[in-house]
Amino acid sequence: MKKSFSLSLIIVFLVTTILAGCSGSDKNTITFWTPLTGEDGAYMDELVKAYNETDPEIKVKHVVTADMYTKMSTVLNSGKGVPDLSIIHADRVPGFVKQDVLKPMTDIISSKEGLKEENYLLQAWSSGNIDGTQYTVPLDIHSSAMYYNKDLLEKYNATSFLDDNVVTIDEMLSLQGKLDKGDYVVNDALLGWVILAQIQNFNGDIQENGKPAVNTDVMRKALESVKSLNDAGIMTPYGEDGYLMFQSGNVLFSTDGTWSSTAHADVEGLNFGVTNVYSPTPEKFTNRASSHLFAMLKNEERTEEKEKGIADFLDFIRKNSIKWAEAGQIVASNEVNQSPEYKKFTQSFFTSNEKETQSLHIYTYEYYPYVAEAVDTYAPDIVRGETDIDKGLKTMQKFVEDKISEGDNGAAK
């Protein structure tokens, strides 16, 4: 009995210690939560370490949290363990503001001259602005991209596709029946992102007067435009890993993300470049994007001293985030993304001129996460002809409406 009682006390002590270490209540430490797992987390660790080596009054503790949004909901409900600073995705901002869980960055921004709109990429900055109030400071834009195999383009006399940096669907279709067995024109990597890009290319949107607009003519056009590549037999087979097929040298174009440049560069013999995601017409092209944003959840324990420390940290990141470019991200700080050093990174293509920068489209609709989930879930079967397009559109629309209803009734968002 005594042994069991002692063990229980030890367990209680350990749990209490762990929770205290994550709580952000240490007045000498800024607790900083991010969802940055894998190599992204390691790069952020290096940035935080570099900042802490400047010997600030209050140091930053980076806590990688794989299921961060779930844990945020938990600590906000309890009022305990709320982090001092977090990174959230752009599509989370409208919902968080509606739930009244974000503290505006007004004081942070006003305390540092460099933390202002003109020093960042416009899309990244504005994605954190709701009704004139700035709730975030941006770290990056991470975007869909289209990589191409230079050797295959040469082999199939398709290098002219890149003359205007807009590869059209018709240009891709022109290679139908001309490829060796086992070679394909394009894969289906990040297919949902590609479809959401086509929505913009057709001058459409995913909402109308605040209501989700999924079962629409423009969504049909977007799906049909991508489906035409599958129907022509030039898209990698359904169920195959088109991303790896590109890395193996059997695919001309891969529609994955800017962050994939680091992985592609590690593949021996892969002679690749980057351009914009394909479009129905050369007149307009879109690269669907998102943004990692620094934000502060409402937290009564966050002191003025910590907020000053947060401002210092964010300004340090603004000046020194070239390290973040190594993760394949489009750095939001203009001081960095306009520097000569940044131009050596593949993703610098997307800030090489104003037209490229404008192609980066971030959806900021409140219920965008539900729309994206619907597209990711049901669009592949529609594109591959496994599901009738009319049935698929109705299913996607209902999926989003049901998710919204569940959320409005208190379900997790």
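N165 is found in the loop between α7 and α8. The model is predicted: local features need pLDDT of at least 70, side-chain atom pairs count only at pLDDT 80 or more, and totals for chains, interfaces and linings use all residues. Residues are numbered from 1 along each chain as its sequence is written, and side-chain values use heavy atoms, with hydrogens and water left out. Helices (H or I, at least four residues) and strands (E, at least two) are DSSP runs, numbered from the N terminus.

Most residues other than glycine have a negative phi. N157, in the loop between α7 (150–155) and α8 (169–173), has a positive phi, and N165 has one too. Buried means under 20% relative accessible area, exposed over 50%, and partly exposed in between (1.4 Å probe, protein chains only).

| Residue | Phi | Relative accessible area |
|---|---|---|
| N157 | about 50° | 68%, exposed |
| N165 | about 65° | 30%, partly exposed |

Helix α10 (residues 217–231) packs against helix α17 (residues 368–383) at an angle of about 50°, and their axes are 9 Å apart. The two helices are therefore oblique to each other (angles under 35 degrees count as roughly parallel, over 145 as roughly antiparallel, 65 to 115 as roughly perpendicular and the rest as oblique). On the α10 side, the contact (heavy atoms within 4.5 Å) is made by M219, L223, V226, K227, N230 and D231, and on the α17 side by V375, A379, I382 and V383.

Strand β13 (residues 251–254) runs antiparallel to strand β9 (residues 146–149), joined by two bridges; here Y148 stands opposite F253. Strand β10 (residues 184–186) pairs with β13 in the parallel sense, where Y184 has V251 as its bridge partner. Strands pair if DSSP finds at least two bridges between them.

Note on methods:
Axes are lines fitted to C-alpha atoms, for helices over the stretch in contact, and angles run from 0 to 180 degrees between N-to-C directions.
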